[in-house]
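I opened a new notebook page for this chain. My plan is to go from the whole fold to single residues.

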Amino acid sequence: MNRTRTAALALVAAAAALAPALGQGAATAAPSTSYLQDPAGGEKAMKSMWTKDDMHKVEGRFRFHPGVQYKTVTGPGPEGAREYERQVPDPRTLAWLPSYEFAWSVSDSKLLKKALTTKDGKHPIVVHAVLRTAKGAKAGEVHRELTDQPATGSRKVEGGKRIACDTGEYTVEWSLTRSGYGTLTGTLRWDSDCGQYRTAFSTENGQQR
């Protein structure tokens, strides 16, 4: 769980230092940690299941992207050139805008069970994810019924709903279905704390908020 954490604090500070000049109040995004759902084995490993006759297999992998967002404000220039104003991130406006990434692989055995598999044809893939609060309330949800998908593919789905910083732990429940083959499921936990990003933005831009 939470095996892959891809964004380092240094990247966040860099994003703050190089925040685009979008104008006061404009929203932008910073690199954020992503969370890879089990299984053990690292970046490429997938959950998998065979049909009862051992002739067809579906594999799936899920990644949760919290998506740090913020607004910019006018601030002083860098050290030694304070008179040159720039747009800098405002730590007080930090929030999350999650997205959900699904990857799949569909295999078919032609002659022998669980052997001589091929990955071809088009497939119906259904992806679903729910973000729940610590009390079990639904804080976000995505559902897509994808038709004519390649045997190996992926899809990132924007959640479209902001989540406030520092609102506790959440659980992501996800599923990936290939009709007639089976449904893969999983869960992972996510902490909505924004402390490291708020500190990075404030320090990098000389802000004390």
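**Entry 1: ground rules and overview**

I take helices (H or I, at least four residues) and strands (E, at least two) as DSSP runs, numbered from the N terminus. This is a predicted model, where local features need pLDDT of at least 70, side-chain atom pairs count only at pLDDT 80 or more, and totals for chains, interfaces and linings use all residues. Residues are numbered from 1 along each chain as its sequence is written, and side-chain values use heavy atoms, with hydrogens and water left out.

I looked up the elements of the protein chain and found 2 helices and 15 strands. Next I looked up burial. Buried means under 20% relative accessible area, exposed means over 50%, and partly exposed lies in between (1.4 Å probe, protein chains only). The chain has 209 residues, and 46% of them count as buried.

Accessible areas come from the Shrake-Rupley method with a 1.4 Å probe, and for residues only the protein chains shown count as cover. The total for the protein chain is about 10,700 Å². Carbon and sulfur atoms hold 50% of that surface.

Contacts came last here. A contact means heavy atoms within 4.5 Å. I took the contacts between residues at least 6 apart in sequence; 71% of these join residues at least 24 apart.

How many residues of β4 are buried? I count 9 of its 10 residues, 56-65, so described as mostly covered by the burial rule (under 20% relative accessible area). For pairing, I use this rule: two strands pair if DSSP finds at least two bridges between them.

- β2 (residues 35-36) pairs with β4 in the antiparallel sense, over 2 bridges. There, Y35 stands opposite F64 of β4.
- β3 (residues 47-50) is also antiparallel to β4, over 4 bridges. M49 has V58 of β4 as its bridge partner.
- β8 (residues 99-109) runs antiparallel to β4, joined by 10 bridges. Here V58 stands opposite V106 of β8.

**Entry 2: the disulfide**

A disulfide is a covalent bond between the sulfur atoms of two cysteines. The rule I use is a pair of cysteine sulfur atoms within 2.5 Å. The count comes to 1 disulfide. C165 and C194 form it, with their sulfur atoms 1.9 Å apart. The link of C165 and C194 is left-handed, with -70° about the S-S bond. This pair links distant parts of the chain, 29 residues apart. C165 sits in the loop between β13 (163-164) and β14 (169-178). C194 sits in the loop between β15 (182-191) and α2 (195-204).

Are these cysteines buried or exposed? C165 is buried because its relative accessible area is 14%. C194 is buried too, because its relative accessibility is 1%.

**Entry 3: D193 and D166**

I moved to D193, in the loop between β15 and α2. D193 is partly exposed because its relative accessible area is 41%. Leaving out residues up to four places away in sequence, D193 touches W96 and D166. D193 and T167 are 26 residues apart in sequence, yet 7.2 Å apart in space, C-alpha to C-alpha.

D166 lies in the loop between β13 and β14. D166 is not a glycine, but has a positive phi of about 55°. Most residues other than glycine have a negative phi, and most peptide bonds are trans. D166 is partly exposed, at 42% relative accessible area.

**Entry 4: K114**

K114 is another residue other than glycine with a positive phi, near 55°. Where is K114? Its place is the loop between β8 and β9 (117-118). K114 counts as partly exposed because its relative accessibility is 48%.
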